[in-house]
Amino acid sequence: MAISTKLEMRQSQSLIMTPQLMQAIKLLQMSNLDLVAYVEAELERNPLLEKGDGEEGDSGSAADSGDGAERDPRSSRAEESDSSGEEPGASDWMQSDLETGSEAIAARMDTDLGNVFPDEPGVPASPDPALLKAGDSYKNASSSGASDDYNLEAFVAEEASLGTSLEEQMHLALSDEADKLIAGHLINSLDENGYLFADLGELAGQFGVEPERVEGVLAVLQTFDPPGVFARNLAECLKLQLIDRNRFDPAMEALVENIELLAKRDLAALRKVCGVDDEDLMEMIAEIRALDPKPGSVFGTSLVQPVVPDVFVRPANDGTWAVELNSDTLPKVLVNQTYFARVIKTARNETEKEYLTDSLQTANWLAKSLDQRAKTILKVSTEIVRQQDGFLTYGIEHLRPLNLKTVADAISMHESTVSRVTSNKFMATPRGIFELKYFFSSAISATVGGDAHSAEAVRHKIRQMIDAEDPKAILSDDTIVKILKGEGIDIARRTVAKYREAMKIGSSVQRRREKNSRI
């Protein structure tokens, strides 16, 4: 078979991801905060884009009013008196009847003021020009400061951080510069909860000092506030807090060293290890519970951002549900066609024309993508509300199993589009704010061939049963399976165990120990 080259012509179809399509997909899966940031960046980058909700300022009207005819001084004085709350007659009396000039007073009294008031000079001395200039600048600054709107947030004190608080205490407790350098490195090695995970031996080699010196600096730092910082594990953290409270006796030391027994609720083993009776052990456990396992968390490290819903669901008058978008989370942009038509005529070369044309195309695509994104979110949310009407009306026990394909088929969209829409989007309902993905859950079949049950509803049933169980009759996983099957839910024991662990609920043995200890 001879190998040769030849030309062939083929016709085929393929899907090409254009930049505009990639932009639409990117916008669809953005949260409202990310979308606002993206639109703000586009507004700075594209000269043809404008904010759709911009407000006109009052500066233009103020400038126009300043170009009018000259006012009558009397009307100006009347307006000033009105604004100050004084009557016009009072203002005229003050300006006409009072004699404030020294020359007028001297002429009326037919003598010099120095003869009448010996302590006063006959002719007032001219003030220092520098003082007048300083006074004028002060009055100008005061008047301008009074007219400007103050931003109260600019005067809010900065929130203290854990590192700043520890550095202030470090400068008071340590005097040697080498010790301060070691302490600063240890402070920077803390995590947000106040725990230290640095290798002290490696740190000693890095600074060229003995490990004992690093241990000594650490011992000083462990006395700082809040108590428990610079601990290397949970037991040491509790130990430092107990020492600060002067409650670290031998029995408490034994309890801290066997803290894993407390986690297992093995009270019999704890009584044996600590050598105390039941009453003393309960008091010691109460003291342990009063301690803070994360002492560094008292300092705020990150701003908690509240959830802003993208969709509102309200009951309608006809018994259905009204679904509407949150207009506050939808940035509005406008394409300035007039500016483009004026600027394109002044373009000096093809590069400038191409830039303006690309900017116009990008602006149009962004406006269309934002509009399409809003319509898609509304369409998906409306179908979710229609599918989960029972949940909105009666509660979580009536949450239906739902998948992406069901919603996609109902609104004639692809599953990937529905998946992008439900990412990082929230819905405000009369039962609370939920992420759109919350309404999608797997199905658990019924025992007698009825309707399937939602996995989220089954988890809710399991939690209700465990919360209401009798401390003397703790429900095992097998018992929970029998109860659920009696209610028509076909579920395996391992599935119950998986749901229980996902909800951070202990086993029947752990729950029995914990609930019996409270009796």
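Predicted model: local features only at pLDDT ≥ 70, side-chain atom pairs only at ≥ 80, totals over all residues.
Figure 1. Cys237 is buried, at a relative accessible area of 0%. Cys274 has a relative accessible area of 11%. Cys274 therefore counts as buried too, because the cut-off is under 20%.

**Figure 2. The protein chain as a whole.** The secondary structure comes to 26 helices and 8 strands. The protein chain has 519 residues, and 31% of them count as buried. How far apart in sequence are the residues that touch? Take the contacts between residues at least 6 apart: 60% of these join residues at least 24 apart.

Figure 3. Asp477 belongs to helix α24, which covers residues 477–486. Is Asp477 buried or exposed? Its relative accessible area is 13%, so Asp477 is buried. The side chain of Asp477 makes a polar contact with the side chain of Arg500, at 3.1 Å. Arg500 is also among the residues in contact with Asp477 once neighbours within four places in sequence are set aside.

**Figure 4. Helix α14 and the helices around it.** Helix α14 spans residues 250–257. Which of its residues are buried? They are Ala251, Met252, Ala254, Leu255 and Val256. An α-helix has 3.6 residues a turn, so residues three or four places apart point the same way. What do the buried residues of α14 pack against? Their partners are α13, α15 (259–263), α16 (267–274) and α17 (278–289).

**Figure 5. The loop between α12 and α13.** Two backbone features fall in this loop. The peptide bond from Asp225 to Pro226 is cis, and its omega is near 0°. Pro226 sits in the loop between α12 (211–221) and α13 (234–244). Phe230 lies in the loop between α12 and α13 as well. Phi of Phe230 is near 70°, a positive value in a residue other than glycine. Phe230 is buried, with a relative accessible area of 0%.

**Figure 6. Asn424, a positive phi in another loop.** Asn424 is not a glycine, yet its phi is positive, at about 60°. Where is Asn424 found? It is in the loop between helix α22 (415–421) and strand β5 (426–429). Asn424 counts as partly exposed, because its relative accessibility is 38%. Phe230, by contrast, is buried.

Figure 7. Rolling a probe the size of a water molecule over the atoms shows where empty space is left. How many cavities of 30 Å³ or more does a search of the whole structure find? It finds 1. The volume of the largest cavity is about 40 Å³. Which residues line the largest cavity? The lining consists of Asp310, Leu325, Asn326, Thr329, Leu330, Arg373 and Ile377. By class, the lining residues divide into 3 nonpolar, 2 polar and 2 charged. Leu325, Leu330 and Ile377 are the nonpolar ones. Asn326 and Thr329 are polar. Asp310 and Arg373 are charged.

Note on methods: Residues numbered from 1 in each chain as written. Heavy atoms only, no water. Buried < 20%, exposed > 50% of the residue type's maximum accessible area, 1.4 Å probe, protein only. Helix = DSSP H or I, 4+ residues; strand = E, 2+ residues; numbered from the N terminus. Polar contact = N/O pair within 3.5 Å; in protein donor to acceptor, adjacent residues only side chain to side chain. Contact = heavy atoms within 4.5 Å. 1 Å grid on protein atoms, 1.4 Å probe; cavity = no way out; pocket = protein on both sides within 12 Å on 5 of 7 lines; lining within 4 Å. Points joined across faces, edges and corners; volume = space filled by probe spheres on them.
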